[in-house]
Amino acid sequence: MPNWGGGAKCGACEKTVYHAEEIQCNGRSFHKTCFLCMACRKALDSTTVAAHESEIYCKTCYGRKYGPKGIGFGQGAGCLSTDTGDHLGLNLQQQGSPKSARPSTPTNPSKFAKKMVDVDKCPRCGKSVYAAEKIMGGGKPWHKTCFRCAICGKSLESTNVTDKDGELYCKVCYAKNFGPKGIGFGGLTQVEKKE
């Protein structure tokens, strides 16, 4: 059937979409008012849309319907909700008690699960260091707040950090404590030598 009216057909309502009201996604055109999540009917934009074949979803509903399943794979604020997934065509409620539905150890851990186990530990405080707060120093990951001189506590940067035996020092403290000693090296002065 020829397209006499001008614009393309909307992927949601199948009516003509004119240029002024058009949003394109996955090679398909939509009215601005029809660009909604197919599950929760939330309005979408270029940063919140997730497409699967000819369907469009918000990232939360897409993750619930097509994302990884199992313990530890929650997505955003909805991961602990009591949402049953009925609007997505899912049966998220397990039969039986929650304890019997959960395996004690994952049989096929994903890359994501392995990364969560292998989180780096800060040498100073011993807590996990995540990517958003990681600074590398001496070949080890540190928290931004732990990236300080072990002696004076001065906050360090890449320009003034030195390391020795797994600890970080500012250049001044390193020179005083581990540098060469004697006249002209900052250790002994002329006055101290005469006494």
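Predicted model: local features only at pLDDT ≥ 70, side-chain atom pairs only at ≥ 80, totals over all residues.
Residues are numbered from 1 along each chain as its sequence is written, and side-chain values use heavy atoms, with hydrogens and water left out.

Let's start with K134. Which residue does K134 form a salt bridge with? That's D120, and the closest N and O atoms are 3.2 Å apart. K134 lies in strand 9 (residues 134-137) and D120 in strand 7 (residues 120-121), so this pair ties together parts that are 14 residues apart in sequence. When I say strand or helix, I mean DSSP runs numbered from the N terminus: helices are H or I with at least four residues, strands are E with at least two.

Buried or exposed? K134 is partly exposed, at a relative accessible area of 33%, and D120 is partly exposed too, at 32%. The cut-offs there: buried is under 20% relative accessible area, exposed is over 50%, and partly exposed is in between, with a 1.4 Å probe and protein chains only.

Now the other bridge. E167 pairs with R124, and here the closest N and O atoms are 2.4 Å apart. This one links distant parts of the chain, 43 residues apart: E167 is in strand 12 (residues 167-170), and R124 sits in the loop between strand 7 and strand 8 (128-129). E167 is partly exposed at 24%, and R124 is partly exposed at 32%.

Moving on to the hairpin. Strand 5 (residues 49-52) and strand 6 (residues 55-58) run antiparallel, joined by 4 bridges; for strands to pair, DSSP has to find at least two bridges between them. If you want one to look at, A51 has I56 in strand 6 as its bridge partner. The hairpin has 2 residues between its strands, and E53 in the turn has a positive phi of about 55°.

Last stop, helix 4 (residues 171-178), where you'll find A175. A175 is partly exposed, at 41% relative accessibility.

Methods. Salt bridge = Lys/Arg side-chain N within 4 Å of Asp/Glu carboxyl O.
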